[in-house]
Amino acid sequence: MGLQSEQEAEWADLPAIVRRLPLFEGLEPELLDGITAQIEWFALPGGTTLFEAGDAPDALYLVISGNLGAYSASAEGHRRLVGTIAAGETVGEMALISGKPRNATVIALRDSELGRLSREAFEQLMLSHPQGLLRVAQLMAQRLDASQNQVRGRRATPRTFAVVPNDKHAHATSFAAQLATHLEHAGRTELVWSQRGADHTSLWFHTVERANEFVVYVCDPGPTSWSKLCLRQADVVLLLAQADSKPADWPAFANHQVRPVAQRTELVLLHKERLLPGVAAAWLDVRPGMPYHHVRGTADIARLARLLTGRGLGIVLSGGGARGFAHIGVLRAVREAGITIDAVGGTSIGAIIAAGFALEWSAEELNRRVYECFVRTNPLNDYTLPLVSLVSGRKVTRLLKREFADLQIEDIPLPFFCVSSNLSTGQLALHRRGELWRWLRASVAIPGVLPPVVHKGELFVDGATINNLPVDVMREAGLGQVIGVDVGSDRAFVTDTVDSDVPPFWKMPQWFRGRKQPVNILQILWRAGMINSAGNRAARHEISDLLLQPPLEQIDMLNWRAFERAVDVGYRHAQQRLSEWQRG
């Protein structure tokens, strides 16, 4: 069948497609035929705007194939994706009902086929079939719910992926076939390459995509017409490269027209056996700010498939001083339960332990290294003249450099982040790139206790100052479910001291004598540095799919000698909670 006859056959089936749209389901045949006859059919190339926010509502649009994105303008003037409109859905009905201007800009995310139903025809539908109003109300509620999920980081699941090789040696077809195999665990998946799809129309692609949950397209290495078609069809573009190759931009993008709205694009680096330090940073200099993935084998591709489709599992570890040792027990229980963690993040001591886990240290190695750093050697006893802080910070810096050497965050096999607080801007700082030891040092820099980290003229301190449990950061990435581990929410300390003022130094022995619950400046500064984030704790707890809070009230935040006890409390608590969670 030639292209023209194939297209005619596909378009001839449009009335049947219209009848299956939720808005028209169940309509009387005569009414449906009359409405179908009034629909104007047209193609909308990927990146083309259907209508702008503020436009007058003149029509309802039916998406027959392809995918559209609805965008709202932020206070800074940037567009933010608030929802997607897939094949089989409608867009524009809310403005028709309210009579108000369009409240969002709608742009084709890929080549799409649409139908336009004028305001007059739409009003005829509502007058002739009042149940249609109920259907529209249901669609509006679904659209609102989807928008709220988008804000919470539960973004729409992508269905089409374009694998773009950096050169002919990137083994794109082999990688794409393995990715498709792992996507099969979530739904029916089809692999399409140039020999299969190059001669078909856009409705053929719609048919393939409608028959599968996921479709993986394999681009050519160069800027061929097939590559451009794949890029227009894709919800997600995966830039594939051999990690040890010389970093260079992807030839398939040569002369490729940039869309008004950027696609979700992520970097995939293929390593032959072990992860090569430093290569990710070099590739990210070519494509700055891009999410990246390391692939060494099957397990990494399986993780990538889960993360791309929002079926991953992340864990976020809070700060809490010596109570943070409980994280080691939690992670041990996670491993023993057979739970696979796909992404890791943390604050303060939680960031240090999360980094070790993300580096794939065994439970024994993680336990040994943390014990050596915090128990055998008190990291906070190098006191100094308190001009900037009580301790010099040299000891903490030396320990972190010893454990993490010259590693960059980009060199960590699992997706990892840590946070600190930027004193210069008053904002939370998110670290996904750069020297690992440096940003871990910033993340544990308790104000007044440890000196801040200075970087490009700005000062960074403990992430717990603003956000002690950054599950919201993990949630916004839209990777899937999130386990939050909060070891800092229990009451930190109480005292039986009556006097608020400190007496003269010659009366201090009498002041301390007989007190069972004294407090010191380290405790006060440490806890005061976390107070700012305590007010938002409940909201972060709420957005955790599973919240673990080991009972640690009896362990002082500065009692490094309580190592074994804290690890055991975390392990036993996690064992019970994970068992309940797995049972459903």
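V396, T397, L400, K401 and F404 of helix α16 meet L436, W437, L440 and R441 of helix α17, where contact means heavy atoms within 4.5 Å. This is a predicted model, in which local features need pLDDT of at least 70, side-chain atom pairs count only at pLDDT 80 or more, and totals for chains, interfaces and linings use all residues. Residues are numbered from 1 along each chain as its sequence is written, and side-chain values use heavy atoms, with hydrogens and water left out. Helices (H or I, at least four residues) and strands (E, at least two) are DSSP runs numbered from the N terminus.

**Helix packing**

Helix α17 also packs with α14: A351, I352 and A355 in α14 meet L436, L440 and S443 in α17. The two pairs are set out below.

| Helix pair | Angle | Axis separation |
|---|---|---|
| α16 (residues 394-404) and α17 (residues 436-443) | about 140° | 9 Å |
| α14 and α17 | about 150° | 8 Å |

Axes are lines fitted to C-alpha atoms, for helices over the stretch in contact, and angles run from 0 to 180 degrees between N-to-C directions. Angles under 35 degrees count as roughly parallel, over 145 as roughly antiparallel, 65 to 115 as roughly perpendicular and the rest as oblique. α16 and α17 are therefore oblique to each other, while α14 and α17 are roughly antiparallel. α16 passes α17 in a right-handed crossing, and α14 also passes α17 in a right-handed crossing. A crossing is right-handed if the near helix is turned clockwise from the far one by less than a right angle, and left-handed if anticlockwise.

**Nonpolar cores**

A nonpolar core is a set of buried Ala, Val, Leu, Ile, Met, Phe, Trp, Tyr and Cys residues joined through side-chain atoms within 4.5 Å. Buried means under 20% relative accessible area, exposed over 50%, and partly exposed in between (1.4 Å probe, protein chains only). The largest core has 98 residues, of which F325, F416 and L440 touch the most other members. Helix α14 (residues 349-358) gives the most to this core, with eight residues. Leaving aside neighbours within four places in sequence, F325 is in contact with I349, V370, F374, V375, W560, F563, A566 and V567.

A second, separate core of 23 residues includes A172, A176, A180 and L183. A172 lies in helix α7 (residues 172-183) and is buried, with a relative accessible area of 9%. A172 and L240 are 68 residues apart along the chain, and their C-alpha atoms are separated by 7.2 Å.

**Helices α13 and α22**

Eight of the 11 residues of α13 are buried, so this helix is largely enclosed by the rest of the structure. The buried residues are A326, H327, I328, G329, V330, L331, A333 and V334. Their cover includes β15 (312-317), α14, α15, β21 (480-485), β22 and α22. Just after α13, G338 takes a positive phi of about 75°.

Helix α22 (residues 563-583) has 21 residues, which at 1.5 Å a residue should span 30 Å; its end C-alpha atoms are 30 Å apart, in agreement. The expected span is 1.5 Å times one less than the number of residues. In α22, F563, A566, V567, G570, Y571, H573, A574 and L578 are buried. Among the elements covering them are α13 (326-336), α15 (363-374) and β22 (546-548).
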